[in-house]
Amino acid sequence: MTSMKDISKVCGVSVATVSKALNNHSDIGEETKRNIQRVAREMGYSPNMAARALKTNKTHEIGVLFVDDERSGLKHDYFASVLDSFKRAAEKCGYDITFINSSKNRSNSMSYLEHSRYRGFDGVAIACVDFNEPEVVELLQSDIPVVTIDYVYNGHIAVVSDNVGGMRDLTEYVCRKGHKRIAYIHGASTGSSSTVTTNRVSSFYRTAEEYGVEVPDEYIREAPYRDAEKTYRITKELLELPEPPTCIIYPDDFSALGGVNAIREMRLRIPEDVSVVGYDGIQIVKHMDPRLTTLQQDTEQMGAAAARQLISLIERPKSTIIEQITIPGKLIEGMSVSTVS
């Protein structure tokens with residue numbers, strides 16, 4: 001088996017320099033680093049992770065706890081993109097990613113914390129879970145470094161999308177288009193998405209108020225995120241009201257598909273008869289006709305920031321600041337909102 005000493009002899013450098021190059025340290029020249037890494041690959045070098053863990057007290061393994069309420073798993077467009085970015089950023093820093101099994105899928109009785117200790121995770125990223133669940137609280141209150149994604153938990157670094165700003169931008173856009181009868185089908189107000197929903201709903205009401213738009217109670221409805229069947233039914237109910245809305249804001253782009261189907265079944269036109277607005281900016285939006293107006297969340301920055309913060313907490317626990325990092329989104333103007341005179 002090739003060792004770092006073997007590589008050092010071929011490259012004519014010290015073992016310490018080889019170690020720095022293989023661990024991607026910045027205090028050696030780039031040309032030297034690339035040469036050592038090339039030689040290591042050619043010689044078939046593979047680090048002994050067990051020995052490395054004993055020496056550094058780190059496994060370079062990160063756990064990801066992701067429990068999707070809607071059971072869409074990694075088909076969940078938004079979180080799949082966030083976690084893909086997280087994975088790529090962590091791997092660039094030499095860390096491997098392992099998902100922590102949901103308690104519903106485990107054959108043993110280990111808790112999330114016990115599972116994390118058993119696997120020797122240096123840290124854990126938590127996304128899309130019920131943060132009031134005892135097992136989750138136990139993990140959060142342990143000494144394992146944790147970063148939360150799209151949820152703020154006291155005493156922990158959180159990377160969140162700017163849901164307040166995003167909904168403000170969407171509502172402002174609709175109001176400036178002249179709409180006064182605006183309905184909002186928001187996401188679930190309980191479970192893992194409760195904070196996201198609360199912030200978006202409050203921002204919607206505040207922005208509508210600033211523009212002098214009154215929102216009747218019957219215009220505010222709830223449907224689980226990514227539930228196109230529920231938004232299909234609710235859309236029909238909204239459009240059968242004595243005074244139906246001229247614009248409907250949906251909880252996410254996927255759910256907006258249900259609304260679009262309902263509108264077309266009622267032989268109404270988008271946006272001439274009813275305007276439609278989504279949220280997330282997923283790929284499917286680009287293929288909708290008319291192209292959906294939406295708020296694109298920056299999943300690339302979300303995932304990368306979460307990985308950087310967690311690795312900083314693992315490697316520099318004394319100097320890493322516990323803070324909330326808010327990632328802004330971007331309004332994508334499609335063709336699904338009409339101008340009302």
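**Close-up views of a predicted model**

**View 1. Helix 9 against the sheet.** Helix 9 (residues 194-210) lies across strand 6, strand 7 and strand 8, and its direction is at about 170° to that of strand 6. Axes are lines fitted to C-alpha atoms, for helices over the stretch in contact (heavy atoms within 4.5 Å), and angles run from 0 to 180 degrees between N-to-C directions. Helices (H or I, at least four residues) and strands (E, at least two) are DSSP runs, numbered from the N terminus. This is a predicted model, in which local features need pLDDT of at least 70 and side-chain atom pairs count only at pLDDT 80 or more, while totals for chains, interfaces and linings use all residues. Residues are numbered from 1 along each chain as its sequence is written, and side-chain values use heavy atoms, with hydrogens and water left out.

View 2. In the order 7-6-8-9, 4 strands form an open sheet with parallel pairing; two strands pair if DSSP finds at least two bridges between them. Strand 7 (220-222) and strand 9 (275-277) are at the edges with a single partner strand each, so one side of each has no neighbour in the sheet. From one strand to the next, the twist averages 20°.

**View 3. Strands 6 and 8.** Strand 6 (residues 182-186) pairs with strand 8 (residues 247-249) in the parallel sense over 3 bridges. Isoleucine 248 in strand 8 stands opposite alanine 183. Beyond its neighbours within four places in sequence, isoleucine 248 is in contact with residues including Ala183, Ile185, Leu238 and Val276.

**View 4. The largest nonpolar core.** A nonpolar core is a set of buried (under 20% relative accessible area, 1.4 Å probe, protein chains only) Ala, Val, Leu, Ile, Met, Phe, Trp, Tyr and Cys residues joined through side-chain atoms within 4.5 Å. The largest one has 38 residues, and Phe204 and Ile248 have the most contacts inside it. Its largest share, 5 residues, comes from helix 8. Apart from this core lies another, of 29 residues, among them Val147 and Leu310.

**View 5. Helix 5 and its buried face.** The buried residues of helix 5 include Tyr78, Phe79, Val82 and Leu83. Seen down the helix axis, the buried residues fall within an arc of 155° (taken from the directions from the axis to the C-beta atoms), so they line one face of helix 5. Among the elements that cover them are strand 1 (61-66), strand 4 (146-149) and helix 12 (299-315). Just after helix 5, glycine 94 has a positive phi of about 90°.

Notes. Buried < 20%, exposed > 50% of the residue type's maximum accessible area, 1.4 Å probe, protein only.
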